[in-house]
Amino acid sequence: MKKGDNLINKVKEKITIHEIYRQPEDQITITVDRNDLPETVRILYYDLGGWLSSMIPNDEREINGNFALYYVLSMEGGKMTPEDELPQDEKCWITVKTFIPANDPTFPSVTLKVPAAVWYEREAYDMFGLTAIGLPDPRRLVVSDDWPEGLFPLRKDAMDYRHRPDPVDHKDEPEAKFLKPEGAGVLDVPLGPLHITSDEPGHFRLYCDGDTIIDADYRLFYQHRGMEKLAENRMNYDQMGYLAERVCGICGYAHAIGCIEAAEKAIGLEIPLRAQAMRVICLEIERLHSHLLNIGLACEVTGNVNAFMHIFRIREFSMELAQLVTGGRKTYGNVVMGGLRRDMTGTEIKKSLELLEIIEVQTKEVWDAVMDDKNQVERWKGVGLLDKQVARDFSPVGPNIRGCGFKRDSRYDHPYDFLTQLDFEIPTEDGCDVFARETVRYRELLESVSIIRQCFEMMPGGLTVIKPQTMIKPGAYAIGNDEAPRGENIHWIMHGNAQKVFRWRCRAATYNNWTSLRYQFRGNTIADAALIVCSLDPCYSCTERVTVVDIKSKKTKILNYQDLKRYSQSSKNHPLKNM
Amino acid sequence: MKLLDMTKKYGKATYKYPLEPYEVSEGFRGKPSYTYENCIGCTACGVACPSNAINVKLNEDKTKLVWEFDAARCIFCGRCDEVCPTGAIVLSQEFELAVKFDKNNLKERGELDVEYCEVCNKPFTTKRLISYIFHRLEKVGWDKKTLGEKIKYAKTCPTCKREEKTEVMTKYLKRGTK
């Protein structure tokens, strides 16, 4: 009896499965008919306790003449109650695969049964032209509004990638519609599209009744860089890791590990324990500085600049720690296939332990001071509530879901070999609000410090890198996962000929979190909008300017940064009072 | 109030940066420093560089091999440092890369003399690379006489070597069929 066999048997009772394929031991792919797809995903998601981790559309016409869809589900148990969780040795990945004929690129939408699939299916149309029939929200997601109709960039024969296609005439652009609630007196508040510290500009529409947000919608992907295509065309595996690092400015190292791990798993490469320990250390250092950044920003958005300054002072130590361990102030440029490039010396370990001590003591001190501040805690409590059922429906990841009481963590559910030897707990909170998320982050900080200490103690000797001896088999695929500061990153790699990538799908943590953000906005005031987005941790810090349009009287008013900031800090003198 | 007390306790957290130098740790990976004297033009760094910051190519009239490094593209991974056989390129501790007005100040350049093939007269490697190989062979104990005999072989490009070998083989095979 292998891992996941009883889950597959339960699916078999209702659905005909054409093929079962195992790449690594805990990653199972089942092929079903395209019309059975929604029901299969639903059974796995709701009945058997799966979470939708990723969905990969793939152009396999040169291999088997079809397009293919892979719905990756992380089987962990529903976790709505503490008992409702799969035993640790039965947790696995189940991928539902289906073929779509090239002459009829449509498939029945899964979103109607599992809401979490909505963004993935919108992206499948934008990139591959695969239409989900019955998809409630068929707008564009990834490609920009001036992208020509009917040109699907990730199809292998779509276009000449050395040239950018001519943008559509401004007049012919399809209108970017927003989902709007009906009713009189609804104010339409645009937020964005540029946030100064963010690499990913995003545009938010908040629909307000007076001061309260009743609904929200957003348009992202303003800077689509086409990295997946770049990797397919030019990169070999030595260069892929460095490209994957550039996905994100904060959790880049986690992306590199996820990407390289997917490639390693597909050829069954076991890396040395010392390299695994070093990888865990670097990931935890990344978590340290990312969480400190987010807690600091959550204080700054609510006007507590003093706490922000203190937390950033401590964050500096975590950067120094990264410098000691990897040689750069960020943990970049370190991962290669088969291990890690840089080893540590005894003096470096000694200095690192001293820095860890400083970080731990000072973080505790600042956090206690922040918790003593009643005004601060009041601003966080009860804001941005994410309902438990909504969280279950949309599969968010990271502190966002651990703040709702779900114990979902890649380190705990699908650990590396070395992580199983360590002793650590996954903090969860039941508040479902911003306060719960920040508390989870704080408790994770302390856990991270303890994990790094354990790693230094238990780190075995030996090599940190081995040369991969196995040739890469074309057509083999595998999932690479790890827990970035914002949540679980999933990388999916299918190998092609000549030691290159056929398809690389990178799913960053925030991608899964965005879909449920809309429900977190509802019922809060405009002043809390910035805080709610901040608590999601998408590097959001600043709103440059906001235009407010009153639909009823057709009046507009421009609020500048100062106005909005003052209002979000003091909640007095409503800037829209005299409209 | 507690936070304000903390400020007193920990004091200054900032540096007077340009006036007061920022200390980096020992293994810091900064800007790659290039020593022209050590470079043999083997192009290992150019092949290894994942971000194409290092370019090695012939100049227009094919008399020099040009080594070019662009710090603006560099991701400081240190692959070039790892693969360089002579230590011509080493990561330094330098991290200040700001230049005034001209982007070209970020670029570094080195030109090496090209060696021509004795048979077809096309450039195929650098003079330094060949002398480096001979130097190494001398060190492992080859005598000067054998090396002198081999010099013509070393100065033939791979394509010509292959053709020569094919000719010998065809002759040999023809003789065999007779």
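Visitor: Which residue meets R140(A) in a salt bridge?
Guide: That partner is E149(A), and the N to O distance is 3.5 Å. A salt bridge here is a side-chain nitrogen of Lys or Arg within 4 Å of a carboxyl oxygen of Asp or Glu. Before we go on, this is a predicted model, where local features need pLDDT of at least 70, side-chain atom pairs count only at pLDDT 80 or more, and totals for chains, interfaces and linings use all residues. Residues are numbered from 1 along each chain as its sequence is written, chains are lettered from A and ligands numbered from 1 in the order in which they are written, and side-chain values use heavy atoms, with hydrogens and water left out.

Visitor: Thanks. Is R140(A) buried or exposed?
Guide: R140(A) is buried, at 16% relative accessible area, whereas E149(A) is exposed at 57%. Buried means under 20% relative accessible area, exposed over 50%, and partly exposed in between, with a 1.4 Å probe and protein chains only.

Visitor: How many salt bridges are there over all chains?
Guide: A search of the whole structure gives 52. Some residues are linked in a network, namely E76(A), K79(A), E85(A), K91(A), R408(A), D413(A), E488(A) and R507(A).

Visitor: What does R341(A) pair with?
Guide: Its side chain meets that of E82(B) in a salt bridge, 2.6 Å from N to O. R341(A) sits in the loop between strand 12 (339-340) and helix 10 (346-372) of chain A, and E82(B) in helix 3 (residues 79-83) of chain B, so the pair joins two chains. Helices (H or I, at least four residues) and strands (E, at least two) are DSSP runs, numbered from the N terminus. E82(B) is partly exposed, with 43% relative accessibility.

Visitor: And which residue does D372(A) meet?
Guide: K2(B), in a salt bridge of 2.5 Å, N to O. This pair also crosses between chains, running from helix 10 of chain A to helix 1 (residues 2-10) of chain B. K2(B) is partly exposed at 45% relative accessibility.

Visitor: Switching topic, what does UniProt place at residues 30-158 of chain A?
Guide: The unreviewed UniProt entry gives "domain: NADH:ubiquinone oxidoreductase 30kDa subunit" there. UniProt positions follow the numbering used here, feature names are shortened, and annotations may be inferred rather than shown by experiment. In the model, that span is 20% helix and 31% strand, and its end C-alpha atoms lie 29 Å apart.

Visitor: Where is D137(A)?
Guide: D137(A) is in the loop between strand 7 (131-133) and strand 8 (187-191) of chain A. It counts as buried, at 12% relative accessibility. Setting aside neighbours within four places in sequence, D137(A) is in contact (heavy atoms within 4.5 Å) with V118(A), R122(A) and L179(A).

Visitor: One last thing, what is phi for C432(A)?
Guide: Near 65°, a positive value in a residue other than glycine. Most residues other than glycine have a negative phi. C432(A) lies in the loop between helix 14 (410-413) and helix 15 of chain A, and is buried at 12% relative accessibility.

Visitor: What about N121(B), buried or exposed?
Guide: N121(B) is exposed, with a relative accessible area of 57%. Its phi is positive, about 65°, although N121(B) is not a glycine. You'll find N121(B) in the loop between strand 5 (107-116) and strand 6 (123-126) of chain B.
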